[in-house]
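Thanks for coming, everyone. Please have a look at the next slide, and then I'll walk you through it.

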Amino acid sequence: RASDTLRQRITEWATAFAADDRRQLLEITGDSRNGVQYVGLGSWQVVGEPLVGGLFTRSDGAAGTHVEIGLVAVDDPAVTTRVSFDLLVRHADDPLPQIVAWGPAGGALGLEDYENASRVPEDENGVAETTTTTAVPAA
């Protein structure tokens, strides 16, 4: 059974994934590599608490679990759906578990750490594009 801490972390992941909060997804994975991002769905909000299944431990020490999430479209609240994922978790019993991969329901045994990462796009000068804005003091 997933701990309360892990359930909270899964809720954070689901919220970030639905909204395409790339900064939060990067933080949740614990991926420290430069130039990578994690892309979520975007334009969705989580409805209610995610339903978290049983927790099992793989031979490599990672934990796997199944999660079902209710979603509502941001632009049209009449549009709702439910989606299911398997999650790969490192440090499941620690105060800050890391959700290092996700994939289709039933696929937890085949998930690999950080497999959902993609390269951050670069501009024509080879500089990584970001969604970060920098405040410029008024002159």
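This is a predicted model: local features need pLDDT of at least 70, side-chain atom pairs count only at pLDDT 80 or more; totals for chains, interfaces and linings use all residues.

I'll go from the overall layout to the sheet, and then to the nonpolar cores.

Let's start with the layout. How many helices and strands does the protein have? There are 2 helices and 6 strands. Along the sequence, the pattern reads α-α-β-β-β-β-β-β. So much for the order of elements.

Now some totals. The protein has 139 residues, and 35% of them are buried. Its accessible surface is about 8100 Å². Carbon and sulfur atoms account for 51% of that surface. Next, take the contacts between residues at least 6 apart in sequence. Of these, 49% join residues at least 24 apart.

On to the sheet. Look for four strands in the order β2-β3-β4-β5. The sheet is open, and the pairing is antiparallel. Which strands stand at the edges? They are β2, residues 44-57, and β5, residues 98-104. Each has a single partner strand, so one side of each is left without a neighbour in the sheet. Neighbouring strands here are turned against each other by 30° on average, ignoring direction.

Zoom in on one pair. β2 runs antiparallel to β3, residues 63-73, and the two pair over 9 bridges.

Now the interior. In soluble globular proteins, nonpolar side chains tend to be buried together. In this model, the largest nonpolar core holds 22 residues. Trp13, Val67, Leu87, Ile99 and Trp102 touch the most other members. Several elements give two or more residues: α1, α2 (22-29), β3, β4 and β5. Which one gives the most? That is α1, with 7 residues.

Take isoleucine 99 as a close-up. Leave out residues up to four places away in sequence. Isoleucine 99 then touches Arg9, Ile10, Trp13, Ile28, Thr29, Leu87, Leu88 and Val89.

Finally, there is another core, lying apart from the largest one. This one has 5 residues, among them Ala62, Leu88, Ala101 and Leu111.

How values were computed:
Residues are numbered from 1 along each chain as its sequence is written. Side-chain values use heavy atoms; hydrogens and water are left out. Two strands pair if DSSP finds at least two bridges between them. Axes are lines fitted to C-alpha atoms, for helices over the stretch in contact, and angles run from 0 to 180 degrees between N-to-C directions. A nonpolar core is a set of buried Ala, Val, Leu, Ile, Met, Phe, Trp, Tyr and Cys residues joined through side-chain atoms within 4.5 Å. Buried means under 20% relative accessible area, exposed over 50%, partly exposed in between (1.4 Å probe, protein chains only). Contact means heavy atoms within 4.5 Å. Accessible areas come from the Shrake-Rupley method with a 1.4 Å probe; for residues, only the protein chains shown count as cover.
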